[in-house]
Amino acid sequence: PRWVAELLSGNATAMRHPGKAHIFHSDDSASGGSSGGVFSRFFRRLPLPPARCLAVATGLVSLLAIVFICLFAVAIRRGADNGSLELTDICLTEPDCLSVAAAAARRMNTSSEPCSDFYSFACGGDGTAGNVPAEMELGARRKLASSLRSGGGGGGGNPAWERKLRRFYARCEENFDTPSYIGDNPLLAAMRAAGVGEFLLNQSSSAAGGLGGFSRTFQAVSGRFYAHSLFATRAVYSDFLHRRGSDRRYAIWVGMNSRSDAMYVRHEKELYRSLIKDVAGMLVRDAAMTNQTARVETFANDVLYVEEQLLLTHEAVLQHASLPEQPADHPANLAKISDLTDRISSHIDFRAYLAEIYQPGLVIRNDTQVLVTDWYYVDQLRDLLDSMRRGSPTDFNRKMNNYLTWTLIAFFQWDLSGEYRLRFAAYRRIVWPSNGLTIGIGGGSVGDDAATDCLETVRWGMNQALSALFVRNNFEPGAKARAGALFEKMRRAAKDSINRLVWMDNETKRRAKQRLADMVEKTGYPDEAWDDSYLDAEFRQIDPSTHSYFSLIVSCINYWKTRQARLLTQTYNPLDFQHWGQLWEPGLRYLAYDRELLAQAGALQVPLFPSAGLPQLLAYSGAASMMAHEILQSFDISSHAYEAQRTSGWWSDATISEYHKRTACIMNLFKSERNQHQRLLLSNWTAREMAAVSSARAQFDAYRLQGGRADKRLPLLHLTEDQMFYVFYMQKFCHKRGASGLAVRRASRGADWRRGLGGKFHDSDGFKHSDGDDALLILSRALANAVLSNAPGFAKAFGCPAGNVHSCSLY
């Protein structure tokens, strides 16, 4: 029974037996101590004289004996489901095995009917556990924080990069609780050096050209300090840009910057104004300036005015470019610096602006080619700046300088004293309440504890070093090779699937198999993760031991600028550490244009990818099904559409027509969704996921036939092994619920500004949902009801009545 599994795993709260005694405390199971330690701690908690302890012990032994007999009886009774099953086939003592089983049991609600509502069956438990990848990432972050805190400054035989990483983290935690800076505020010094804050600080910098130096101020804020304002600028290293010609064009991305704070201006204007005034007042106070009230009031009015004008501009752009005809990084969007200068010639010197970011790594000339993500945005911004300056050039420059000052303050908010940081945190907790629902590393909400914030800061500053530390401390050495072998199994399965397709013509099949063969596998970690000399050289310019914390952050900015310039001058190699992302992330992803499948070390952990001592059904229901989904994306209709936007699609017209005919039954599953584009996205995703789970299940069946029964079963004795496969597969998509028992939705105040954009918003996964709908819940339920109901073997595993099984399968 389920409560037995929880009892064995150290979670003594029996779901179906709430009145049962708490035999094992949660601290006991976490300690990893022997059973003697468990019972000794238990007896210390009992208010009993020693004479009665023997009687209690006898009772406990009797209870455990009953549990053992129950396990044995149920095992024998269930043995017929999977052939002969002995008690020795069940893992009863391995910590990983028991914790995985207990976590699965907590997510489940076995009172639900799996055939009619499998999502509720697999995910409808007490709601305290989210989906498996999310819980894995939280666990990885806890491990990283623990690793960074252990060993102090990382002395002894630790390499230089690791000592810097630990010291960086320690510097951040030291700064986190600092009440205020003594003496000159480092942000004030940075503002003076950059020539910003001229009105707020009552200074006129010759370097900034006085109040007429908007272009120079913009250049300093956005270039020198990398604080995105008006434009987002970054290096892009997509493969097609590295096949450049003799003109040495650079892939510098210039486009619209996200303005999340500005979105709240309309509905939280007075609250936002109070935040601006509080922070400005603190700066004026620290600068020992007089006339504080009038100065702060003018500053707040200027910032709000510019924010509102930019909000209007961004709304116009979003309405115009909600469904672009081609991706932003299409080669057709390449432009010369001189083209940008001509477009906004009287406002911003793009050559000087980009030179501030990328020199001395790049030589920026007027004929240097860059990417412009949206010319419409450039034109809208030009019109806005024109209209503002026509009224009064002096007012224009004052307003824009004050706005850029605010941009710089907001950019460095986490790196200043706790006094500044807490002002911003208090504001966000009111206008962005979803932050309070995100659990930090220490159990508090994000933004409230040093561990969470400092881990994010270190990740930003020294991402590759943090990834290397995670790999070295947490990654099982043999997992990389085993994961590579699993990937090749799934690639062969995908090739077999292509060969069996009757609706794809031969030429399209040939191209699909070629794309499959060309896929670059990036599994686990790159070799540089173990190369101390590489990591030491990578971070040689970051020196946390000799700088103030604020100066350390500025040195990280300079490192990133150097790194970006290096990306633009080197030949692209997907296996370089530069292009691996964050290795502790538990997700897998496929980069369509570069044909790369990335399965980082974080994804190759328990339970998505079990160690040798755990049942391998976890590998097939977890990592293998995720690999299959991404591999299928390399040759499915979405990949065709991606390519069609760049050069020419490689599916024939006849194949496309047949595909749409066969997806009609999937489209009908989402007929309640009125948006045709969303229905198409959902149907394509569902078709791919149907194939992924079927492919992973087929490979698992083949594994069982080839390898016999070498694996032990999990102590979820009310489930057969076949049923467990689908439960663990589904639990990758469970949706965490709040205390009310309802799915946690997007922040209600966040919906206010979304209504201002037409009552719709885009999630990061590309799906568009109405206000109040929960994107993850929609996808999760669709997965359970649309995908698994059509998966071969699901109905048989749960004894479901015969129905329209497998009728919507494409691959």
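Which residue of S4 is the bridge partner of valine 254?

## A buried strand and its partner

In this predicted model, the bridge partner of valine 254 in S4 is valine 372. The two strands concerned, S2 and strand S4 (residues 369–372), pair in the parallel sense over two bridges. Strand S2 (residues 252–256) is largely enclosed by the rest of the structure, because four of its five residues are buried.

## Helix H5

Helix H5 (residues 95–107) has 13 residues, which at 1.5 Å a residue should span 18 Å, and this agrees with the 19 Å that separates its end C-alpha atoms. Among the buried residues of H5 are Cys97, Leu98, Val100 and Arg107.

## Two crossing helices

The axes of helix H8 (residues 160–176) and helix H21 (residues 463–474) come within 10 Å and cross at roughly 105 degrees, so H8 is roughly perpendicular to H21. On the H8 side the contact is made by Trp161, Glu162, Leu165 and Arg166, and on the H21 side by Ala465, Leu466, Ala468, Leu469 and Arg472. Of the residues in this contact, six are nonpolar, three are charged and none is polar.

## Backbone exceptions in loops

Most residues other than glycine have a negative phi, and most peptide bonds are trans. Leucine 230, in the loop between helix H10 (214–224) and strand S1 (231–235), has a positive phi of about 70 degrees, and it counts as buried because its relative accessibility is 3%. Alanine 288, in the loop between helix H13 (269–286) and helix H14 (292–320), has a positive phi of about 55 degrees, but at 66% relative accessibility alanine 288 counts as exposed.

A cis peptide bond, with omega about 5 degrees, joins valine 606 and proline 607, and proline 607 is found in the loop between strand S7 (596–600) and helix H26 (617–633).

Methods: Residues numbered from 1 in each chain as written. Predicted model: local features only at pLDDT ≥ 70, side-chain atom pairs only at ≥ 80, totals over all residues. Heavy atoms only, no water. Buried < 20%, exposed > 50% of the residue type's maximum accessible area, 1.4 Å probe, protein only. Pairing = 2+ DSSP bridges. Expected span 1.5 Å × (residues − 1). Axes fitted to C-alpha atoms, helices over the stretch in contact; angles between N-to-C directions. Parallel < 35°, antiparallel > 145°, perpendicular 65-115°, else oblique. Contact = heavy atoms within 4.5 Å. Nonpolar A, V, L, I, M, F, W, Y, C, P; charged D, E, K, R; others polar.
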